[in-house]
Amino acid sequence: MIRAGIAALALLLAGPADAARTLIVNANGYTIDSAGRWMRFSTLLVGDDGRVMAVLPEGAQEPKIGPGDFRLNANRRTLLPGLIDAHGHIMGLGLGLRQLDLAPARTLAEAQARVTAHVRSNGTLSWISGRGWNQMRWGLDRFPTAAELDAVTVDKPAWLVRADGHAGWANSAAMKLAGINRQTKDPKGGRILRDAAGNPTGVFIDAAMDLVERHVPPPSAGEREKAFEAALKHLAIQGLTGMHDMGVTPESWALYRSFGDEGRLTIRITGYADGMAAMEAISPLRPTPWLYGDRLRLQGIKLYADGALGSRGAWLLAPYADEPATSGLRFLDDARMKNLFSRANFLGYQVAAHAIGDAANRQVLDSFAEIRPAYGDRFRNRIEHAQLIDPADIPRLAELQLVASVQPVHATSDKAMAETRVGPDRLTGAYAWAKLRAAGVQLALGSDTPVEPASPFYGIHAAVTRQDREGQPPGGWRPEEAMTLEQALAGFTHDAAYAGLAEDRVGRLDVGYWADFIFVDTDPFRAPPEALHRIHVEETWLAGRRVFVRD
């Protein structure tokens with residue numbers, strides 16, 4: 001790669017002197033080559049089109065630039081390729097940044113206090129909305145109840161979404177407004193939690209969430225615009241130059257297009273439609289081309305096989321250890337899943353299949369195996385999360401040439417909960433990144449924001465140490481499944497680009513690639529593993545232009 005940059009140098013020196021180029025010198029630069037090896041460089045030359053013109057090692061002759069060009073002395077600051085999150089929810093993040101946030105609460109009482117403060121400071125709201133609660137963090141062995149929410153919401157309806165997005169907590173006013181009572185039946189693919197007498201207790205799992213959510217006033221167009229602005233700013237601060245946006249709605253797509261038309265997109269969005277209906281509303285015949293200089297594309301369709309482990313919606317091969325009466329929720333029968341996968345690939349769309357439980361992962365594998373003779377491997381179909389896999393099924397991901405799109409922070413956030421839900425004896429194939437790699441599976445890394453924080457360095461830290469940000473547990477949770485730093489960084493750069501069918505334009509710094517890169521305050525290759533999550537981004541550049549500078 002560097003030799004290619006040197007070979008191109010003669011042509012660059014002969015180029016027009018007044019071209020608007022950007023030359024960065026004296027950098028402590030790292031990039032990954034086409035063979036997956038991390039390499040050093042010190043000089044980066046970017047053309048006026050925002051693409052890389054040369055990547056040069058220490059000691060190479062500095063390219064000549066014209067008086068109208070921009071020269072930046074990096075002063076040995078560390079420069080990395082722009083980071084790509086292979087699984088996030090941009091509008092969920094943006095809306096969450098402007099809503100009641102329960103993620104910091106460490107007890108039920110703290111959550112109630114945050115709700116109380118929100119109600120007092122937002123007296124004109126007709127509904128109390130928020131997200132981020134997790135009863136496991138509160139030390140509860142049960143879900144919260146409507147009565148506990150009633151105590152702090154008075155007479156206003158309240159709807160608070162769990163951290164994983166697969167459960168919601170309603171107060172009595174919300175349930176009354178939605179017409180939910182003892183006679184309300186569980187919808188297919190969902191569950192209403194009930195007391196011994198059969199009365200709803202206030203928590204709704206997966207498809208049952210819609211019983212309440214359809215009554216919550218949607219955000220206005222103006223609120224959605226502000227939320228998207230907040231998300232773009234937040235993601236740039238994290239050093240993210242790309243995100244695979246899982247669950248794009250027609251409303252979100254229209255907003256993204258308007259920002260693209262106005263030149264306001266500061267991240268590359270690889271979109272995955274929120275099911276078949278969203279795809280049909282956005283682009284029913286085929287995936288869209290890349291738009292706005294490779295900043296927006298609808299490429300795939302997000303489909304669900306099950307729910308989440310924390311809310312016991314993940315579909316398991318055996319019953320839950322802590323609730324033997326259930327094995328979770330199966331969202332689709334076999335025929336329906338195969339038909340959806342086949343239709344998506346027939347239209348040219350990549351399938352991104354959410355599967356958390358081992359039964360769901362097996363069903364997804366069976367469906368991909370059935371359609372593979374017709375469509376081959378060109379779509380790089382994906383399994384999102386792939387959290388709990390029967391060890392016998394791990395080699396099948398490699399055989400079927402599937403991408404495992406995993407979120408490292410889930411392992412360190414879920415460690416205690418996962419052991420409670422399924423028992424330690426069934427965790428052999430859980431968050432099993434090393435086993436997947438050993439089997440030849442291509443991994444891509446993401447955050448699942450806003451379920452987890454968007455910082456890629458939190459994910460890199462979790463991948464390398466298998467510890468949470470408090471350093472627990474000592475030595476790491478199931479440390480044999482850890483990644484090397486090189487693997488983790490690749491997972492948020494080249495490997496994420498590969499999963500998004502974009503490894504020919506982003507994910508590394510090379511001649512002809514987009515000049516997406518970041519400056520960070522610490523060299524990750526010289527930092528102790530336990531400090532990786534404390535790395536801060538100083539600048540984020542997209543297509544050779546700054547989109548964020550830390551004050």
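**Briefing: packing and backbone geometry**

Phe368 touches Phe341, Val351, Ala353, Asn381, Arg382, Ile383, Leu400 and Leu402, leaving aside residues up to four places away in sequence; contact means heavy atoms within 4.5 Å. The model is predicted: local features need pLDDT of at least 70, side-chain atom pairs count only at pLDDT 80 or more, and totals for chains, interfaces and linings use all residues. Residues are numbered from 1 along each chain as its sequence is written, and side-chain values use heavy atoms, with hydrogens and water left out. Helices (H or I, at least four residues) and strands (E, at least two) are DSSP runs, numbered from the N terminus.

**Nonpolar cores**

- A nonpolar core is a set of buried Ala, Val, Leu, Ile, Met, Phe, Trp, Tyr and Cys residues joined through side-chain atoms within 4.5 Å.
- Buried means under 20% relative accessible area, exposed over 50%, and partly exposed in between (1.4 Å probe, protein chains only).
- The largest nonpolar core has 104 residues, of which Phe228, Leu309 and Phe368 touch the most other members.
- Helix H11 (residues 358-375) supplies the largest share of this core, seven residues.
- Another core, of 21 residues, lies apart from it and has Leu149, Ala158, Trp169 and Leu329 among its members.

**Helix pairs**

- Two packed helices are described by the angle between their axes and the distance between the axes.
- Axes are lines fitted to C-alpha atoms, for helices over the stretch in contact, and angles run from 0 to 180 degrees between N-to-C directions.
- Angles under 35 degrees count as roughly parallel, over 145 as roughly antiparallel, 65 to 115 as roughly perpendicular and the rest as oblique.
- A crossing is left-handed if the near helix is turned anticlockwise from the far one by less than a right angle, and right-handed if clockwise.
- For contact composition, Ala, Val, Leu, Ile, Met, Phe, Trp, Tyr, Cys and Pro count as nonpolar, Asp, Glu, Lys and Arg as charged, and the others, Gly among them, as polar.
- The axes of helix H10 (residues 334-346) and H11 cross at roughly 40 degrees and come within 9 Å; the two helices are therefore oblique to each other.
- The H10 and H11 crossing is right-handed.
- On the H10 side, Asp334, Met337, Lys338, Phe341, Ser342, Asn345 and Phe346 meet Gln363, Val364, Asp366, Ser367, Phe368, Glu370, Ile371 and Tyr375 of H11.
- This contact of H10 with H11 comprises seven nonpolar, four polar and four charged residues.
- Helix H13 (residues 408-422) packs with helix H15 (residues 456-465) at an angle of about 65 degrees, their axes lying 7 Å apart; H13 and H15 are therefore roughly perpendicular.
- H13 passes H15 in a left-handed crossing.
- Pro408, Val409 and Thr412 of H13 meet Tyr458, Gly459, Ala462 and Ala463 of H15.
- The contact of H13 with H15 has five nonpolar, two polar and no charged residues.

**Buried sites**

- Six of the eight residues of helix H2 (residues 90-97) are buried, namely Ile90, Met91, Leu93, Gly94, Leu95 and Gly96.
- Strand S8 (83-88), helix H7 (221-237), strand S15 (240-248), helix H8 (250-261) and strand S16 (268-274) are included in what covers the buried residues of H2.
- Thr449, in the loop between strand S21 (442-445) and H15, counts as buried at 1% relative accessibility.
- Beyond residues up to four places away in sequence, Thr449 touches His87, Gly88, His89, Leu93, Met243 and Ala454.
- Thr540 belongs to strand S23 (residues 537-542) and is buried, with a relative accessible area of 0%.
- With residues up to four places away in sequence not counted, the contacts of Thr540 include Ala236, Gly239, Phe517, Ile518 and Phe548.

**Backbone geometry**

- Most residues other than glycine have a negative phi, and most peptide bonds are trans.
- Thr449 and Pro450 are joined by a cis peptide bond, with omega about 10 degrees.
- The bond from Gln472 to Pro473 is cis, with omega near -10 degrees, and Pro473 is in the loop between H15 and helix H16 (485-491).
- Asn75 has a positive phi near 55 degrees and is exposed, with a relative accessible area of 54%.
- Gln401 has a positive phi near 55 degrees and is partly exposed, at 45% relative accessible area.
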